[in-house]
Amino acid sequence: MEKSDYLNLYHQMVVIRRLEERAAELYQQGKIGGFLHLYIGQEAVSTGLISARRAEDRVITAYRDHGVAINCGLSAKEIVAELLGKATGCSQGMGGSMHMADVKKNYWGGHAIVGAHLPIAAGLALGDLYQNQKAVTLCMFGDGATNIGYFHEALNLSKVWNLPILWVCENNQYGMGTSVERASAVSEIRQKADGFGMKNYQVDGMDVLKVREVAEKLFKEIRAGSGPQFLEVDTYRFRGHSMGDPERYRSTDEVHRWQENDPIGIFHKKLVEMKVAGDAELNHQADLAEQEIAEAVAFAEASPEPSVDVVFSNVYVEN
Amino acid sequence: MARITMREAISQALWEEMERDPKVFIMGEEVGLWGGTYAVTKGFYDHFGADRVRDTPIAEAAIIGGAIGAALTGLRPVAELMTINFAFSAFDHIVNQAAKMHMMFGGQMVLPLVIRAVGGGGRQLGATHSQTPDAIFAHFPGLKVVAPGTPADAKGLLKAAIRSQDPILFIEHATLYQTRGEVPEGDYIVPIGKSTVARPGKDVTIVTYSKMLEISLKAAETLAKEGIEAEIVDLRSLRPLDMDPVIESFKKTNRAVVVEEGWKSFGVGSEIAARIYEEAFDYVDAPVKRVAQTEVPLPYNHILEQMMLPKVEDVISAVKEVL
């Protein structure tokens, strides 16, 4: 990795953090409607994973999707605009927080029904296999999704058909307010992959470089024809499940313990230790991120509302 | 024109489309080695191979979800559900994923997807395997629902569906597979979303589709012997619903009977009747009658099952009530 690569990762993580902090404010101001799920605390997961993909590799995730969008190369402007429901949003204001995508950047959303995107991910990988494309589909989902039937149908199918797919469970310890121990028969999620004869790994999701390292290895193997593989990434969301979460299911002590493991703080410290960059340089990246988000908010607020025509013209391709 | 069965017509459409376009492929339970539970894809596996005629696990969400994903990559999957009763296991993927994605992501996702599903009662399969839940699926904007009643329409509509850019549920009726009819050879396309007059008449309008077209035609023959000429409109597509031929016919006859195999409440007949009242109230000479399945889960017993399904006599008496 070059210095610029490290700084790029750091920049992405800080952009996500600032984006989510501003999103929370905009939500409290009533400018964002519906549900809002923040990625704060989990930035290292998608940043590390997606830094290991090639342009031809497809990415699909659940509804905690703003950070993933940043990592896939969507601009903060079109993301904030989507949150505000504007015409300039990545989904033209039709999808909102939970339904962001940009298929030109191979980012296939942004899916709000728990686990339902896993069979769709298998289909994306089938499309590449069928057309002899050497591409990998990266499918991310939460620990909660591993208890639903779609997960099991999709993993089974992917193994039976040897699909080029990397299944990644972002284990943030809670499916909404229910802890893994209270919802899953096995607390080590990766064991579920054993049931499908699928190679599986676990990695510390608060360390972006560790995530990137294992993802690079898995992308390479899958691209070479290994078939599907499974990665469990241990992480933690610092905020509630969504805005308006009373958080009665966890203690502030627990949250504080994890916050000491802040993925951005860890990476900052590491970059200084590795002498890749100094505090000033990293703080400058943070300033740039701050500015980028401020510009994105200004852009989104100044953007027009979508035309009602868009509602009717996109129900079908052929009307 | 060859006189072939509905099964052969569907099979022919699939075969020709697969020969024409390598992006078209089939996936579903027992579509390959077995040759299709209803033998629609018999011979396909040997000819097109395992990559294009894909046997799946018994996992309907994976079948439909997988087909959605493949369609997003530009392929044209024809996903087969062994029966429409199993569509409930994939309900989210049909009505909440396939039907939503184009609109919800601002038009950037395109799903050229066909879901074939066979439905209908009358074969002593018991309550779970005998349903005609077409109206449920027709409720959702974003999905198109097609249900042919003749072999020619089956071929033409299926070819149109496979070439379409939209997700389409193609509903076949199990007791129509042996029905014969004239079917044009080669590239024969019937546009989706166009109703048609299946039998001209002047005294009463019968609106129907799928298996009930057969029942309605038989009823019309008997009625003709009594001097009553029924005009039959075959809907062919439930969504988009083409009311023009229905309204045009109704303005001529001023009386209508809607015949469907599904249950009456919240059904196709309710929709058609409401639209007639909304669009042609000044032409109404009698209340629109609905002929439909008795509102019970279908029994296994042959006599009782037949008793619950709409019959030729039901259509005849409904027509006589509106005259």
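The second largest pocket has a volume of about 330 Å³. A pocket here is an open set of points on a 1 Å grid over the protein atoms alone, where a 1.4 Å probe fits, with protein on both sides within 12 Å along at least five of seven lines. Volume is the space filled by probe spheres set on the points, which are joined across faces, edges and corners.

This is a predicted model, in which local features need pLDDT of at least 70 and side-chain atom pairs pLDDT 80 or more, while totals for linings use all residues. Residues are numbered from 1 along each chain, chains are lettered from A, and hydrogens and water are left out of side-chain values.

Lining residues have an atom within 4 Å of a point. For the second largest pocket there are 21, with A:Tyr63, A:Arg64, A:Gly142, A:Asp143 and A:Gly144 closest to the centre. Strand 3 (137-142) and strand 5 (174-175) of chain A each supply at least two. Strands are DSSP runs of E, at least two residues; helices are runs of H or I, at least four.

The largest pocket holds about 440 Å³. Its lining has 20 residues, and B:Ala135, B:Ala138, B:His139, B:Phe266 and B:Gly267 lie nearest the centre. Helix 10 of chain B gives the most, four residues. Domain 1 (2-183) and domain 2 (196-322) of chain B each contribute at least three; the bounds come from an automatic or database assignment.
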